[in-house]
Amino acid sequence: MEVTLKGKVALVTGGTRGIGSAIVKQFAASGATVATNYRNQEQAEKFQAEMKKAGVDIHIYQADVSDFDACKQLIETVEKDLGPIDILVNNAGVTQDTTLRKMTKDQWDTVMRINLDSVYNMSRNVIEGMLERGSGRIINISSINGQKGQMGQSNYAASKAGMHGFTMALAQEVARKGITVNTVSPGYIGTDMVMAVPEETRNKIIAQIPVSRLGKPEEVADLVTFIASDKAGFITGADISANGGQHMM
Ligand code: NDP
C-alpha cells in the first residue's frame, strides 16, 4: 500500500524539533508541501539549515500558537504562499509539571493556552476553507497522560484530555463535509520533552512500557501520515494510541 500526500499542503505546529519535526520530514517525504511554525528562533535556524543540507524544502514561520491573532495571520500567510491548507496537525505543546498544591495560576494558564487554546486558534482559522472545499484533515497530538492522567500533570492531562473532547465534537460537525478530525495519543517518546525528565524517573517509566523502550518520533510520524492521507477517510473522531502497550484502552 502506498501512502502519498502528493499535491497536499500541510501545516504542522511546532515542527522544528521533536515529534513535530519528524512529522514535517515524513510529510515532505510523502510528497506534501509543508509549513511549520516556531517560537525559538535559534532552533528554527538549526532545523532550516538541517533541511537545506538534506535538500528538503520546508516553509518555516514564526508564530505563537497560544495567540489567536498570530494563528490567524500564520494561516493567511501560509495559504497566500502555498495554497489552501489540506492538513493541519496541532502538535505544539509544553509541560509545566508540579502537584496541584504547588501549581501557580500562571503554570495552569500557560499549559492550557499553549496545548488547548491553540487547537481552537488554529482549527477555527482553517475550518472555513476546508468546509468550502469539502475536504480536510485535522490531527491533534494529545498524550497517553490525557487518557490516563499522571500525578504532577493536572494542567497537562486536562489540556490533553480536552483536545480529544474537541476532536470528537468537531468530527461530528464536519464529517459530512469530507473533513476528518482525529487525536493521536503518543506514549513516552524520546524527545527533548522526555529527555528533560530525570534519568532515574525515565528508567522507571521505561520499566512500565511492555515493549521496554521509549517510542521514536518517526513512529508517531508514520501514524500521523497515514491518518493525513486519503486512505484514512473512514477514520474520524478517533483517539489512536502509540504507546508501546503502556496504556491499553
Ligand atoms: P518538544 O518539547 O520536543 O517540542 C515542542 C514543540 O512545540 C517545539 O517545536 C516548540 O517550538 C513548540 N512550541 C511550544 N510552545 C509553542 C508555542 N507557544 N507556539 C509555537 N510553538 C510552540 O516536544 P515533543 O516533540 O516531545 O512533543 C510534541 C507534542 O507531542 C506535544 O504536544 C506533546 O505534548 C506531545 N507528546 C509528547 C510526548 C513525548 O513523550 N515526547 C508524549 C505524548 C505527547 P520552539 O522550539 O520554537 O519553542
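**Close-up 1. Right-handed crossing of helices α3 and α4 in the predicted model.** In this predicted model, helices α3 and α4 cross in a right-handed sense. The axis of α3 (residues 68-82) comes within 9 Å of the axis of α4 (residues 105-133), and the two cross at roughly 40 degrees. From α3, the residues Phe-68, Cys-71, Lys-72 and Ile-75 meet Asn-121, Met-122, Asn-125 and Val-126 of α4. By residue class, the contact of α3 with α4 comprises 5 nonpolar residues, 2 polar and 1 charged.

**Close-up 2. Contact between helices α4 and α6.** Helix α6 (residues 154-174) and α4 have axes that come within 9 Å and cross at roughly 15 degrees. The two helices, α4 and α6, are therefore roughly parallel to each other, and the crossing in which α4 passes α6 is right-handed. On the α4 side, the contact is made by Gln-107, Trp-108, Val-111, Met-112, Asn-115, Leu-116, Val-119, Ser-123 and Leu-131. On the α6 side, Asn-155, Tyr-156, Ser-159, Lys-160, Gly-162, Met-163, Phe-166, Leu-170 and Val-174 take part. The residues of the contact of α4 with α6 divide into 11 nonpolar, 6 polar and 1 charged.

**Close-up 3. Contact between helices α1 and α9.** The axes of α1 and of helix α9 (residues 217-228) come within 8 Å and cross at roughly 50 degrees, which makes α1 oblique to α9. This crossing of α1 and α9 is right-handed. Helix α1 contributes Gly-18, Ile-19, Ala-22, Ile-23, Gln-26 and Phe-27 to the contact, while α9 contributes Pro-217, Glu-218, Val-220, Ala-221, Asp-222, Val-224 and Thr-225. In the contact of α1 with α9, 8 residues are nonpolar, 3 are polar and 2 are charged.

**Close-up 4. Residues around the ligand.** The view takes in the 29 residues around the ligand, of which Gly-14, Gly-18, Asn-40, Gly-93 and Thr-191 come nearest. Two or more residues of this shell are given by each of the elements α1 (18-29), β2 (33-38) and α7 (192-195). Gly-18, one of the residues that come nearest to the ligand, is also among the α1 residues that make the contact with α9. The shell around the ligand is made up of 12 nonpolar, 13 polar and 4 charged residues.

**Close-up 5. The annotated span, residues 8-192.** An unreviewed UniProt entry carries the annotation "domain: Ketoreductase" for residues 8-192. In the model, the end C-alpha atoms of residues 8-192 lie 29 Å apart, and the span is 52% helix and 18% strand.

Methods: Residues numbered from 1 in each chain as written. Predicted model: local features only at pLDDT ≥ 70, side-chain atom pairs only at ≥ 80, totals over all residues. Near = placed C-beta within 6 Å. Helix = DSSP H or I, 4+ residues; strand = E, 2+ residues; numbered from the N terminus. Nonpolar A, V, L, I, M, F, W, Y, C, P; charged D, E, K, R; others polar. Axes fitted to C-alpha atoms, helices over the stretch in contact; angles between N-to-C directions. Left-handed = near helix turned anticlockwise from the far one by under 90°. Contact = placed C-beta atoms within 7 Å. UniProt positions renumbered as here; feature names shortened; annotations may be inferred. Parallel < 35°, antiparallel > 145°, perpendicular 65-115°, else oblique.
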